[in-house]
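Subject: Structure handover

Dear colleague,

Please find below the structure I promised to pass on to you. After it I have written out what was found, going through it part by part.

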Amino acid sequence: MGADAADLRWLEAAARLAARGMPLSHPNPAVGAIVVRDGRVIGRGWTQPGGRPHAEAMALASAGDASGATLYVTLEPCAHVSPRGPACADLVAAAGLARVVVGQGDPDPRTAGQGLARLRAAGVAAELVAAPACADSLAGYLTRTRLGRPAVTLKLALSLDGALALGSGESQWLTGPVARAHTHAQRARADAILVGGGTLRADRPRLDVRLPGLAERSPARWVLTRGTAPDGWTAVPEPTAILGLGTAQNLFVEGGAQTAAAFLAADLVDRLLIYRAPIVIGGGRPGVADLGLTSLAAAHGRWREVDRRTLGSDRLEVYERTRNT
């Protein structure tokens with residue numbers, strides 16, 4: 001039996017569940033899993049802090065008896081045994097499931113198709129479905145595995161005329177409390193957060209998560225500087241230095257204009273979050289510095305809008321970089 005609309009809905013639900021594991025599942029990807037029998041959820045799980053137990057193990061333990069049920073999981077069950085636990089493909093194969101639906105194949109060569117093959121060899125109907133919600137939820141892990149760097153989200157808070165501050169530099173507060181709370185929720189999904197050296201010196205930002213119950217999800221603090229970083233910070237000498245730097249899967253870049261331009265010019269931004277306040281500043285400081293473009297043609301066709309919503313009196317626009325690979 002092939003995947004249908006119901007399969008995609010369950011995979012989308014599993015992807016939303018996976019968000020509960022971000023970023024505490026690091027260095028493992030945040031995966032979500034749901035066990036369904038006769039249209040009813042009998043088990044669910046997500047990757048636990050530190051990466052273990054995996055989502056599949058949590059979901060199967062929650063279900064108890066999973067015989068004859070369907071497991072929906074956002075990422076292909078791992079096929080390699082780790083000192084920290086068994087291969088999920090073996091665990092899933094022994095659960096008596098009738099069917100397993102996977103929303104994203106695992107590019108890790110230790111699994112890469114072998115997890116699905118092992119399930120099929122055990123007599124389980126295992127299917128790989130192209131589920132955009134699952135790929136989106138795993139963007140950091142997929143980018144890290146394929147490109148050796150974290151997925152980069154650039155956040156910009158702007159006036160209607162594209163300024164991030166008054167000419168004097170005053171920027172608190174450009175957007176309202178709802179938009180700022182949304183920003184903190186986005187921070188809570190990142191492994192690391194980065195600002196420029198100028199922002200660090202001028203504002204001394206805390207860069208923590210100030211939402212009730214989410215303080216433990218405050219990301220590591222990085223600063224774009226060729227100098228020495230303060231205690232508790234990591235110095236990143238240039239945008240390309242994020243390649244191979246640590247194991248962060250999701251990097252949140254908050255500014256300012258020179259830092260935004262540096263990451264954009266290096267083509268390292270995968271997602272744009274633009275918070276627009278309903279104000280016109282006139283003569284303010286631009287949100288992005290000069291990118292060095294020599295023609296408008298070079299600016300077109302690079303971004304696609306994937307979301308737009310109202311946050312209090314402000315507006316959020318979300319764009320993803322269009323890439324061939």
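One part of this predicted model is an open sheet of five strands, which follow the order 2-1-3-4-5 with mixed pairing. Its edges are formed by strand 2 and by strand 5 (125–128), each of which pairs on one side only. On average, and with direction ignored, neighbouring strands of this sheet are turned by 15° against each other. Six bridges hold strand 1 and strand 2 in antiparallel pairing, and among the residues involved, alanine 33 has glycine 45 in strand 2 as its bridge partner.

Helix 1 lies across strand 1, strand 2, strand 3 (70–73) and strand 4 (99–102), and its direction makes an angle of about 140° with strand 1. Helix 4 (residues 114–121) lies across strand 4 and strand 5, running at about 155° to strand 5.

Some backbone details in this stretch of the chain deserve a careful look. The peptide bond from methionine 22 to proline 23, however, is cis, with omega near -10°, and proline 23 is found in the loop between helix 1 (5–18) and strand 1 (32–37). Another cis peptide bond joins arginine 52 and proline 53, where omega is about -10°; proline 53 has its place in the loop between strand 2 (40–46) and helix 2 (55–63). Aspartate 38, which lies in the loop between strand 1 and strand 2, has a phi near 55°, a positive value in a residue other than glycine.

The other sheet to describe is also open, with eight strands in the order 10-9-8-11-6-12-15-14 and mixed pairing. Here the edge strands are strand 10 (233–236) and strand 14 (303–311), each pairing on one side only, and the twist averages 25° from one strand to the next.

The area buried between the two domains is about 1000 Å², of which carbon and sulfur atoms give 47%. Met22, Pro23 and His26 supply 47% of the area that domain 1 buries against domain 2, more than any other three residues, and the bond between Met22 and Pro23 is one of the cis peptide bonds described above. Between domain 1 and domain 2 the count of salt bridges is zero, whereas four residue pairs are found in polar contact across the interface, with both residues at pLDDT 80 or more.

Terms used
Residues numbered from 1 in each chain as written. Predicted model: local features only at pLDDT ≥ 70, side-chain atom pairs only at ≥ 80, totals over all residues. Heavy atoms only, no water. Pairing = 2+ DSSP bridges. Helix = DSSP H or I, 4+ residues; strand = E, 2+ residues; numbered from the N terminus. Axes fitted to C-alpha atoms, helices over the stretch in contact; angles between N-to-C directions. Buried area = accessible area lost by both parts, 1.4 Å probe. Salt bridge = Lys/Arg side-chain N within 4 Å of Asp/Glu carboxyl O. Polar contact = N/O pair within 3.5 Å; in protein donor to acceptor, adjacent residues only side chain to side chain. Contact = heavy atoms within 4.5 Å.
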